[in-house]
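Subject: Structure for you to look at

Hi,

Here is the structure I promised. Please open it and keep it beside this email while you read.

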Amino acid sequence: MTSVLTAPAQSMSGSATTVRGWSAKKLWAALSTRVYLPACSIAGIAAVLVVIGWSHHWGGAAFSQSLTSLRVVIVGPLTLAIIGVFLVTERVWPAQQRSLFARGYRHDLLLTVMNVLLVAPLVTALTLSFVDVMRRSAPWIVLPKIGTVPRWGAIALIFVAMDFCNWLAHYANHRFRMLWRFHELHHSQEDMNVLTVFRTHPLIHVSYLVALIPGVVLLANGVLSLTMLAIYGGIVAFAHSNTRLGFGPLGRIFVSPNFHRIHHQLDGPQDVNLGFALTIWDQLFHRAVFPTEETIRTETGLPGRPLIVEQAGEQPHHFAVLVRQLLAPFRSANDLSTSPSIRSRVYRPEQQSDQTANDGSARVLLAARRPQLEDVA
Ligand SMILES: [Zn+2]
Ligand SMILES: [Zn+2]
């Protein structure tokens with residue numbers, strides 16, 4: 001009797017599981033065709049960190065004070081002065097002759113404003129939360145004060161280690177498709193300029209949280225000041241400027257505009273010259289390509305424009321383009337532009353995304369601008 005009663009129940013339960021499993025599979029498949037789900041995990045990590053940080057009162061740190069400090073680093077007097085000098089050098093020694101009101105410049109200015117107003121609070125939240133989680137889950141990570149190490153020595157060590165962590169995160173951005181989706185926006189710039197440093201997707205900062213670790217480890221021995229962070233940011237910003245400068249012998253140690261331009265090169269492998277401030281990591285891992293006369297004025301951007309850019313079309317439509325660029329990491333995985341090794345495949349016009357394929361003017365622009373793109377792997 002029991003078996004008679006239980007058998008249908010098991011069968012029903014089994015079929016319910018099957019139905020549920022089938023539905024889940026179908027739902028997943030339907031979602032996958034519309035959304036690139038791995039990108040959602042990055043958004044998920046950011047959301048979890050924000051909630052944890054908020055619920056733990058940001059580890060005791062004053063959120064608004066930290067936000068102000070970050071904004072000082074981004075647009076404080078020192079940073080503005082540094083950027084002002086770089087804007088002048090761009091005009092004096094330009095790598096490419098370009099109007100001061102080029103579309104790329106206006107678009108990166110829009111991204112800069114977005115960073116100051118909207119991204120800075122997110123980065124502050126992620127930073128405070130990440131540091132708090134690290135200090136609570138692994139308190140041993142903070143080294144005690146080492147008497148033999150002077151403060152300036154600890155700060156120099158943090159600076160170098162932070163730069164290495166940024167190199168690692170940047171390498172991961174190029175190595176893993178999920179991260180590349182967010183990094184792609186940075187590489188889409190065809191009018192490189194000093195503000196291109198701000199041309200980043202807000203969620204890419206999740207991958208760079210690792211660069212906070214050296215500062216936490218050496219917390220008791222020295223702390224990077226806002227001035228030092230502004231100078232570091234200035235070095236990274238200058239590397240993006242439209243300036244024809246290689247730094248001479250110092251270019252073997254510090255990332256120059258000529259060196260970083262190769263990283264953004266339109267028809268070259270972009271997983272080289274990944275360094276932020278120092279070139280030593282690229283040399284150590286055999287990824288350094290030093291500039292030559294040919295590379296100084298090279299075109300930048302992404303072959304085939306897999307991501308919508310402000311340079312395409314009759315009008316730039318900056319706001320609409322920006323919204324599409326921010327949503328782009330979540331677009332379907334069926335999109336052929338998702339290859340992380342973007343420079344190791346043959347460029348074929350039929351591989352253009354819907355945006356460029358449907359945009360006649362963009363295609364004409366591409367044909368005029370990029371006569372030949374080939375495999376350089
Ligand atoms: Zn890159
Ligand atoms: Zn760059």
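One cut-off first: two axes that cross at 65 to 115 degrees count as roughly perpendicular. Also, keep in mind that this is a predicted model.

Start with helix H6 (residues 151–175) and helix H7 (residues 177–187). Their axes come within 6 Å and cross at roughly 100°. H6 and H7 are therefore roughly perpendicular to each other.

Which residues meet there? On the H6 side they are His-170, Ala-172, Asn-173, His-174 and Arg-175. On the H7 side they are Arg-177, Leu-179, Trp-180, His-183 and His-187. By class, this contact has 3 nonpolar, 5 polar and 2 charged residues.

Now the metal. The zinc ion (ligand 1) has five protein donors listed here: NE2 of His-170, His-174, His-183, His-187 and His-263. They lie 2.1 to 2.2 Å from the zinc ion. Along the sequence, the donor spacing reads H-x3-H-x8-H-x3-H-x75-H. The zinc ion (ligand 2) is 5.6 Å from the zinc ion (ligand 1).

His-170 lies in H6 and His-183 in H7, so the pair ties together parts that are 13 residues apart in sequence. Are these two buried or exposed? Both His-170 and His-183 are buried.

Last, helix H2 (residues 37–55). At 1.5 Å a residue, its 19 residues should span 27 Å. The C-alpha atoms at its ends are 27 Å apart, which agrees. Its buried residues are Leu-37, Ala-39, Ile-42, Ala-46, Leu-49 and Gly-53. After H2 comes His-57, with a positive phi near 55°.

Best wishes

Terms used
Residues numbered from 1 in each chain as written. Chains lettered and ligands numbered in written order. Predicted model: local features only at pLDDT ≥ 70, side-chain atom pairs only at ≥ 80, totals over all residues. Heavy atoms only, no water. Axes fitted to C-alpha atoms, helices over the stretch in contact; angles between N-to-C directions. Helix = DSSP H or I, 4+ residues; strand = E, 2+ residues; numbered from the N terminus. Parallel < 35°, antiparallel > 145°, perpendicular 65-115°, else oblique. Contact = heavy atoms within 4.5 Å. Nonpolar A, V, L, I, M, F, W, Y, C, P; charged D, E, K, R; others polar. Donors = N, O, S within 2.8 Å, 3.2 Å for Na, K, Ca; no water. Buried < 20%, exposed > 50% of the residue type's maximum accessible area, 1.4 Å probe, protein only. Expected span 1.5 Å × (residues − 1).
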